[in-house]
Amino acid sequence: LMPVSKTSLDKLKSPQPVAWSVPSKSHKKKSTGTPGSEMQPGESQALSETKVKKKTVMDAKVSEARKEILMNVLKKIMKLKPAKNFVYPVTPDMAPDYWDVVSNPMDLGTLKANLIQGKYGSVRGFVKDMRLVFDNALT
């Protein structure tokens, strides 16, 4: 553990107040027709635009460049020691009652194969399957 100075503890005890501003109606962003693009009360213009960008990236088609990025992320995850149990599909020999507990199995190897074969139409599909691996691991 690293030593903690009294100065850093004092900063934790008395954080600086956060200034919140509510935009007036005249500054409200006009709707672009994209769901979720409307600015919420108390939300800054930049935050509202960031939310739209995230949605756009998630729904974006998996181009070759995005495929390479997703593959690099997946490879890094697969190299982690805790991931070794999730690289291949579970077989009945490994866990006979697995399918009684997990209704929709997914593993990192299948995720990788699906990515290579171009089965993901969007980044959202890839993320959905990645979350499924994590959810199944916690079941």
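**Figure 1. Lys 67, a buried lysine.** At 18% relative accessibility, Lys 67 counts as buried, where buried means under 20% relative accessible area, exposed over 50% and partly exposed in between (1.4 Å probe, protein chains only). The model is predicted: local features need pLDDT of at least 70, side-chain atom pairs count only at pLDDT 80 or more, and totals for chains, interfaces and linings use all residues. Residues are numbered from 1 along each chain as its sequence is written, and side-chain values use heavy atoms, with hydrogens and water left out. Lys 67 is found in helix 3; helices (H or I, at least four residues) and strands (E, at least two) are DSSP runs numbered from the N terminus. Not counting residues up to four places away in sequence, Lys 67 touches Val 62, Leu 115, Ile 116 and Gly 118, a contact being heavy atoms within 4.5 Å.

**Figure 2. The protein chain in outline.** The chain has six helices and zero strands, and its elements run α-α-α-α-α-α from the N terminus on. Of its 139 residues, 24% are buried. Among contacts between residues at least 6 apart in sequence, 48% join residues at least 24 apart.

**Figure 3. The largest nonpolar core.** A nonpolar core is a set of buried Ala, Val, Leu, Ile, Met, Phe, Trp, Tyr and Cys residues joined through side-chain atoms within 4.5 Å. This core has 18 residues, of which Leu 74, Leu 108, Leu 111, Leu 115 and Phe 126 touch the most other members. Helix 3 (64–79), helix 5 (108–116) and helix 6 each supply at least two residues of the core. The largest share, six residues, comes from helix 6. In soluble globular proteins, nonpolar side chains tend to be buried together.

**Figure 4. Helix 6 and Phe 126.** Helix 6 has 16 residues and reaches 23 Å from its first C-alpha to its last, close to the 22 Å expected at 1.5 Å a residue; the expected span is 1.5 Å times one less than the number of residues. Buried in helix 6 are Val 123, Phe 126, Val 127, Asp 129, Met 130, Leu 132, Val 133 and Asn 136. Phe 126 touches Leu 70, Leu 74, Leu 111, Leu 115 and Tyr 120, not counting residues up to four places away in sequence.

**Figure 5. The largest pocket.** About 330 Å³ of space lies in this pocket. Its lining has 19 residues, and the closest to the pocket centre are Asn 85, Phe 86, Val 90, Tyr 98 and Asn 136. On a 1 Å grid over the protein atoms alone, a pocket is an open set of points where a 1.4 Å probe fits, with protein on both sides within 12 Å along at least five of seven lines; lining residues have an atom within 4 Å of a point. Grid points are joined across faces, edges and corners, and the volume is the space filled by probe spheres set on the points. Helix 4 (98–101) and helix 6 (123–138) each supply at least two lining residues. The lining divides into 14 nonpolar, four polar and one charged; Ala, Val, Leu, Ile, Met, Phe, Trp, Tyr, Cys and Pro count as nonpolar, Asp, Glu, Lys and Arg as charged, and the others, Gly among them, as polar.

Figure 6. Val 90 lies in the loop between helix 3 and helix 4 and is partly exposed, with a relative accessible area of 25%. Not counting residues up to four places away in sequence, Val 90 touches Ala 95, Tyr 98 and Trp 99. Val 102 lies in the loop between helix 4 and helix 5 and is buried, with a relative accessible area of 5%. Val 102 touches Asn 136 and Thr 139, again not counting residues up to four places away in sequence.
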